[in-house]
Amino acid sequence: MEDFYHTSTREVNGQMVAFFGVFDGHGGARTAEYLKAHLFNNLIGHPDFITDTRTAIVQSFKQTDENYLSDAKGNQKDAGSTALTAVLIGDRLFLANVGDSRAVACKSGSAVPLSVDHKPDRSDERQRIEKAGGFIIWAGTWRVGGVLAVSRAFGDKLLKPYVVADPEIQEEDVEGVEFLIIASDGLWNVVNNKDAVNLVREIPDAEEASRRLVEEAYARGSSDNITCLVVRFGIS
Ligand SMILES: *[C@@H]1O[C@H](CO)[C@@H](O)[C@H](O)[C@H]1NC(C)=O
């Protein structure tokens, strides 16, 4: 298994903070495992975490990637990981994405994506990579340098500076969000956003719902590692 996830709550400056993350590793599990152990701690340790959460996310993601790469484990050059994190501070929800794991919310019964997958054939991603001197080619799917099927990731030492750990961030008012699904591409490759939301709507218990999502992906023939988090936000 090369997928890892992390959930926790913590009090920071008198504020309750909740953190949810899915990390889909490639080339081994070590980058994803490292993110599970360090990413949230680095984020809440950032001096501006509460006052300027977006900047704190961008800087702590960058710092975590640099720490990982300078760590002995980061020298194994072909390992990397996606990160899809959700941080809840009061009623504000910050989604940060690096790679092709995905967050989808249920709002008023509809599936609303809260992240955009980082794929090499996304025109803005392709331009960014080519501007940095890299290239993408088709090898079964579109790949950076002919190797990697995601355009952003932690780790991947050999593919820097084309494959970066710069997160794209979306902010949501949690009021009106019934629940949130965060999952690795092992789910999204075979279950679309709408089907996933419809399945979870029928199941009040979040843990049971996430288990059912994994079973559904497996039943539909997903051959990848499958990780799903379902977070319910009380009555809406
Ligand atoms: C997870 O993915 C790896 C790499 O593709 C594979 O070797 C392993 O069997 C998978 N594990 C599970 C539990 O699906």
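These are my notebook entries on a predicted model of one protein chain.

**Ground rules.** I number residues from 1 along each chain as its sequence is written, and I work with heavy atoms for side-chain values, leaving out hydrogens and water. Since the model is predicted, I ask for pLDDT of at least 70 for local features and 80 or more for side-chain atom pairs, while totals for chains, interfaces and linings use all residues.

**Overall fold.** I looked up the secondary structure and found six helices and 13 strands in the protein chain; these are DSSP runs, helices being H or I of at least four residues and strands E of at least two, numbered from the N terminus. The radius of gyration is 17 Å, close to the 18 Å from the globule rule for 236 residues, so the chain is as compact as a globular protein of that length. I took that radius over C-alpha atoms, with the rule being 2.2 Å times the number of residues to the power 0.38. Along the principal axes, the C-alpha trace spans about 50 × 45 × 30 Å.

I see 51% of the 236 residues counted as buried (under 20% relative accessible area; exposed is over 50%, partly exposed in between, with a 1.4 Å probe and protein chains only). For contacts (heavy atoms within 4.5 Å) between residues at least 6 apart in sequence, 64% join residues at least 24 apart.

**Cores.** Next I checked the nonpolar cores, meaning sets of buried Ala, Val, Leu, Ile, Met, Phe, Trp, Tyr and Cys residues joined through side-chain atoms within 4.5 Å. The largest has 25 residues, and Val17, Phe49, Phe61 and Phe154 have the most contacts inside it. Helix 1 gives the largest share of this core, six residues. Leaving aside residues up to four places away in sequence, I find Phe61 touching Leu39, Ala83, Thr85, Ala96, Val98, Phe154, Ala165 and Pro167. There is also a second, separate core of 20 residues, with Val104, Val191, Ala196 and Val197 among them.

Most residues other than glycine have a negative phi, and most peptide bonds are trans. I therefore noted these exceptions.

- The peptide bond from Lys160 to Pro161 is cis, with omega near 10 degrees; Pro161 sits in the loop between strand 10 (154–155) and strand 11 (168–173).
- Asn13 has a positive phi of about 50 degrees. I place Asn13 in the loop between strand 1 and strand 2, and it counts as exposed at 68% relative accessibility.
- Ser108 also has a positive phi of about 50 degrees. Ser108 lies in the loop between strand 6 (102–107) and strand 7 (110–113), and counts as exposed at 73% relative accessibility.
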